[in-house]
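Please read the following briefing alongside the sequence and the coordinates. It takes up the chains, their contact and a few local details in turn.

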Amino acid sequence: MNAFEYVRPDDVAGAVTMVSRDPHASYLAGGTTLLDLVLKDGVVELGRVVDITRLPLRGISRGDDTLRVGALTTMEELAADPTVTERLPFVREALLLGASPQLRNMATVGGNILQRTRCRYFRDPTVAACNKRAPGSGCAAVTGVARMHAILGARAACIALHASDLCVPLVALDAVVHIQGVGGKRSVPLTEFYVLPGDRPDIENVLQHGELITEVEVPLLPVNARSGYLKVRDRASYEFALTSAAAALLIEDGTIARARLALGGVGTIPRRAREAEELLNGAPAVNQTFRAAAEVALRDPFTVSGTAFKVELAKRTIVRILQTVSGVQS
Amino acid sequence: MDIVSTLRVNRTERPFTADTRTTLLDALREQLDLTGTKKGCDQGACGACTVLLDGKRVLSCLSLAAQCEGREVTTIEGLARDGKLHPVQAAFIRHDGFQCGYCTPGQIMSAVALLKEGRAGSDEEIREFMSGNLCRCGAYPNIVAAIREVARLGSESQ
């Protein structure tokens, strides 16, 4: 681990300029991903750490149909927001099922979106083959011990999982990420924010170096919608998902008027299940529909021996959350 | 690269000089001689290093000391007042809420925060909101009993 400079700018524009001009600089917010990678695992080297935790990017404000969440709002702060409880209950569930209370007091919403994979091969600098760390070097996970790895959007070059719980309901909701760079501001839907591994698994999202997430805009669910988040994991608590699913349904007279569905624990990116939504929309809220949606959502997985079990588990996770949210018995 | 900074720990200003890479945990233990806060996994997985930062529980192993300048840090050494143990400390002793004791400062700091957060409504809730603190001796039932008792006594005294 090399030495780094620590700076704490007092305005957003200054911070953005500082990081944009220095290829070896990085923003530091909650630190629960970055300091782990820099100080403990030693797989990220930095020349300068730009602490943004005191910038005015914290807080939640409610509009008519959306919630605007400052990027430095912590996971616990977002979970405690009354509008989240009332109009985005599955966001609250996903938040409180993630990490631990200590980590949720530190980790920010912006940092949650940008969290790096928990793949042990990526996080072990003694492992030579990792296309995410060293493009072109190969993937040790594909032939190694893989359990907490992706089956959707994965390929032989990289099966690293995006382990966020929060991002699962956020992609289902069509949340929008607001970004500030030296050239100005822009907005990107979260569903278009992430980049699939392709030939360059090291490129994970559309951010240019120095661009800063300032705010996340989350559309509220209709008042009469029902939602839920189901997380399946190896331990009862404080564990990453093997599979998870976020669902929001608007049901009228036994028919699904509008479905939103996204998957966690299975994707190289938080996975919106659009084809499954299309199948659900207008269909009767019955088990047969749910199973058909699950089959569509898990079409063409890429599995290795350690992750093959996730295909059926993810399907059952989808069926279960749709049953729970709709109130239909199994 | 060194930084010269001041931490406010247990209601006292504590100046220190350390490398920029120093975590809050290492600053407390190595610079300020506050060794009550323990280093377990040192990577955010076990909770042994839990302290309060501006009253909220955080992991000191994943915080830079430099980030904490001007903020109020409370460690296990800061809980007792006038020689009298904090009610959670006393309850851990009464209920034998530890065996080897290494995770205990983190367990107690987390429990103090949990009670303030109002998360002691049931044993199930206590277990869920203490899940960030691992105990390899397996003292969990007694830890839950200690927290349950303080929650009950607290609600009776109100």
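Which domains does the domain assignment of chain B give? The assignment, whose bounds come from an automatic or database domain assignment, gives domain 1 (2–78) and domain 2 (87–157). This is a predicted model, in which local features need pLDDT of at least 70 and side-chain atom pairs count only at pLDDT 80 or more, while totals for chains, interfaces and linings use all residues. Residues are numbered from 1 along each chain as its sequence is written, and chains are lettered from A and ligands numbered from 1 in the order in which they are written.

**Chain B as a whole**

- Chain B holds five helices and five strands, where helices (H or I, at least four residues) and strands (E, at least two) are DSSP runs numbered from the N terminus; read from the N terminus on, the elements follow the order β-β-α-β-β-β-α-α-α-α.
- The radius of gyration of chain B, taken over C-alpha atoms, is 16 Å, which agrees with the value near 15 Å that a compact globule of 158 residues would have under the rule of 2.2 Å times the number of residues to the power 0.38.
- Along its principal axes, the C-alpha trace of chain B spans about 50 × 30 × 25 Å.
- Of the 158 residues of chain B, 45% count as buried, a residue being buried if 20 or more other C-beta atoms lie within 10 Å of its own, exposed if 12 or fewer, and partly exposed in between, with C-beta atoms placed from the backbone.
- Among contacts in chain B between residues at least 6 apart in sequence, 57% join residues at least 24 apart; two residues are in contact if their C-beta atoms, placed from the backbone, lie within 7 Å.

**Between the domains of chain B**

- The C-alpha centres of domain 1 and domain 2 of chain B are 22 Å apart, and 14 residues of domain 1 are in contact with eleven residues of domain 2.
- On the domain 1 side, the elements that give two or more residues are strand E3 (50–53) and E4 of chain B, and E3(B) gives the most, with three residues.
- By class, that side of domain 1 has six nonpolar, five polar and three charged residues, where Ala, Val, Leu, Ile, Met, Phe, Trp, Tyr, Cys and Pro count as nonpolar, Asp, Glu, Lys and Arg as charged, and the others, Gly among them, as polar.

**Between chains A and B**

- The contact takes 24 residues from chain B and 21 residues from chain A.
- On the chain B side, strand E4 (56–59) and helix H4 (123–129) are the elements that give two or more residues, and the largest share, four residues, comes from E4(B).
- The side of chain B that touches chain A has eight nonpolar, eleven polar and five charged residues.

**Local details of chain A**

- An open sheet of three strands in chain A has the order E1-E3-E2 with parallel pairing, two strands being paired if DSSP finds at least two bridges between them; its edge strands are E1 (5–7) and E2 (25–28).
- Three bridges join E1(A) to the parallel strand E3 (residues 48–51) of chain A, and Glu5(A) stands opposite Arg48(A) in E3(A).
- Arg258(A) is found in strand E11 (residues 255–264) of chain A and counts as partly exposed because it has 16 C-beta neighbours inside 10 Å.
- Not counting residues up to four places away in sequence, Arg258(A) touches Leu250(A) and Asn281(A).
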